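Here is a friendly tour for anyone meeting this structure for the first time. Have a look at the sequence and the model, then read on.

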Amino acid sequence: MLYAFQLMEFSQIKFDCSHFRNDIPCLPNKEHGVQCDNCNHYSPIETRILIIKLGALGDVVRTTPIISALRKKYTNSKITWLTHSPDILEKKSIDTILTYSGEQLFTLAKQSFDLVINLDKDKEACILSNEIKADKKLGYGFENNHIIGYNKAAEQKIITGLFDSISKANTKDYVTEIFDICELNYQDEKYSINQSKALKQKMQIEVMQVASLPNSEKPVIGLNTGCGKRWKTRLWPVSYWEDLIRQLHTQGYRVILLGGEEEHDKNQLIALSTGAGYKTFYSLPEFIALCSNVQLIVTQVSMAMHLALAVQTKIVLMNNIFNKNEFNLMQLGEIVEPKTGCDCYFGTQCCRKTSCMYDLSVEQVVQTIERVV
């Protein structure tokens with residue numbers, strides 16, 4: 001189809017339109033042949049928002065509930081997110097996703113925003129937040145060689161992170177805290193992440209092939225057996241995982257083992273000794289698809305927890321070294337802890353001769369699984 005067109009003045013270009021794409025035709029022009037001087041698709045941007053959340057992947061995921069809340073509060077907004085983990089973010093809910101790089105930092109320094117929200121306490125993020133032009137800033141900045149809070153809620157979050165006694169007494173979960181920092185009212189907004197429908201279908205077949213007890217109709221339970229390199233104090237003994245699997249098999253549950261490359265050898269040995277289902281470790285997109293195809297995940301680590309919550313999978317979270325109040329399981333699960341408590345708050349090394357995770361019994365975990373399922 002050929003479209004009629006006419007030359008127009010530079011001053012007629014609607015640079016504030018949400019469809020404007022800098023140096024290439026916008027979608028209304030491509031799809032309908034319209035120009036700025038004869039377009040009924042004009043949608044002016046009222047608020048330009050930059051979110052800075054570089055952080056660990058799990059931290060990025062648990063920050064995503066602010067997106068829908070920002071859309072409600074700031075209608076006709078354009079949201080840009082700067083991160084180290086761009087692939088995890090849901091592209092349809094965020095206008096522009098930027099990967100942290102020298103090139104992107106240079107371009108951001110030359111732009112201006114109505115609102116900058118920095119939810120990352122790392123020095124690089126705080127200094128960057130200071131440098132970007134904005135009418136309003138929320139979250140964390142940098143001044144006099146130290147981190148600062150742009151607003152009272154951010155200051156309180158800094159204090160909570162600096163003193164164990166205050167951190168232990170905290171009763172707010174992380175999502176509520178960041179909503180306070182963003183001056184938003186938390187109303188049970190959910191996580192949002194990038195998911196592949198094709199991968200989800202592929203992993204559904206894989207789960208059915210790998211899951212043990214193929215004739216059982218009971219739910220498939222995924223056991224995430226690792227805890228990463230940093231928080232070894234969260235590690236549950238291998239013998240306990242093996243005992244848990246045997247008890248779950250006795251009750252007819254199908255079990256598969258989850259983990260990354262670090263857990264591969266361990267998971268192979270556990271599968272060999274128990275008959276639990278295990279094939280290999282997967283890429284992040286595949287792991288997300290895998291999480292969406294089991295009915296419940298038992299994990300010691302928060303990254304797997306955040307991914308499970310993002311795909312609405314039920315969860316049992318083992319916890320010892322963190323304040324359990326910081327976790328928001330979104331009505332999808334329960335937290336189970338050692339009955340003897342933990343002496344190593346945010347500790348990377350256990351101060352006991354035997355880790356408190358030995359005091360988190362298999363029976364406790366089984367009972368919690370039964371309640372959640």
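## The largest cavity

The largest cavity has a volume of about 60 Å³. Keep in mind as you explore that this is a predicted model. Searching the whole structure turns up 2 cavities of 30 Å³ or more.

Which residues line the largest cavity? They are Glu-206, Val-207, Val-210, Ile-256, Leu-257, Gly-277, Tyr-278, Lys-279, Thr-280, Tyr-282 and Leu-290. Helix α9 (197–210) and strand β8 (254–258) each give at least two residues to this lining, and α9 has the largest share, with 3 residues. Sorted by class, the lining holds 7 nonpolar, 2 polar and 2 charged residues.

## The second largest cavity

The second largest cavity has a volume of about 40 Å³. Around it you will find Arg-62, Tyr-174, Val-175, Tyr-191, Met-305, His-306, Glu-326, Phe-327 and Asn-328. At least two lining residues come from each of α8 (174–181) and α13 (302–310). This lining divides into 5 nonpolar, 2 polar and 2 charged residues.

Arg-62 sits in the loop between α2 (57–61) and α3 (66–73), while Glu-326 sits in the loop between β10 (314–318) and β11 (333–336), so the pair ties together parts that are 264 residues apart in sequence. Are these two residues buried or exposed? Both Arg-62 and Glu-326 are buried.

The structure has 14 salt bridges. One of them joins the side chains of Lys-136 and Glu-183, at 2.7 Å from N to O. Because Lys-136 is in strand β5 (residues 133–143) and Glu-183 is in the loop between α8 and α9, this pair ties together parts 47 residues apart in sequence. Lys-136 is partly exposed, with a relative accessible area of 35%, and Glu-183 also counts as partly exposed, at 35% relative accessibility.

Another salt bridge brings together the side chains of Glu-334 and Arg-371, at 2.9 Å from N to O. Glu-334 belongs to strand β11 and Arg-371 to helix α14 (residues 362–372), so the pair ties together parts that are 37 residues apart in sequence. Glu-334 counts as partly exposed at 26% relative accessibility, whereas Arg-371 counts as exposed at 52%. Salt bridges with shared partners also join Asp-59, Arg-62 and Glu-326 into one network.

## A nonpolar patch on the surface

Ile-159, Leu-162, Phe-163 and Ile-166 make a nonpolar surface patch of about 360 Å². Leu-162 is found in helix α6 (residues 152–162), and its 58% relative accessibility means it counts as exposed.

Methods: Residues are numbered from 1 along each chain as its sequence is written. This is a predicted model: local features need pLDDT of at least 70, side-chain atom pairs count only at pLDDT 80 or more; totals for chains, interfaces and linings use all residues. Side-chain values use heavy atoms; hydrogens and water are left out. Patches are made of residues with over 30% relative accessible area and no salt bridge: like charges are joined within 9 Å, nonpolar side chains (Val, Leu, Ile, Met, Phe, Trp, Tyr) within 5 Å. Accessible areas come from the Shrake-Rupley method with a 1.4 Å probe; for residues, only the protein chains shown count as cover. A salt bridge is a side-chain nitrogen of Lys or Arg within 4 Å of a carboxyl oxygen of Asp or Glu. Helices (H or I, at least four residues) and strands (E, at least two) are DSSP runs, numbered from the N terminus. Buried means under 20% relative accessible area, exposed over 50%, partly exposed in between (1.4 Å probe, protein chains only). On a 1 Å grid over the protein atoms alone, a cavity is a set of points where a 1.4 Å probe fits but cannot get out, and a pocket is an open set with protein on both sides within 12 Å along at least five of seven lines; lining residues have an atom within 4 Å of a point. Grid points are joined across faces, edges and corners, and a volume is the space filled by probe spheres set on the points. Ala, Val, Leu, Ile, Met, Phe, Trp, Tyr, Cys and Pro count as nonpolar, Asp, Glu, Lys and Arg as charged, and the others, Gly among them, as polar.
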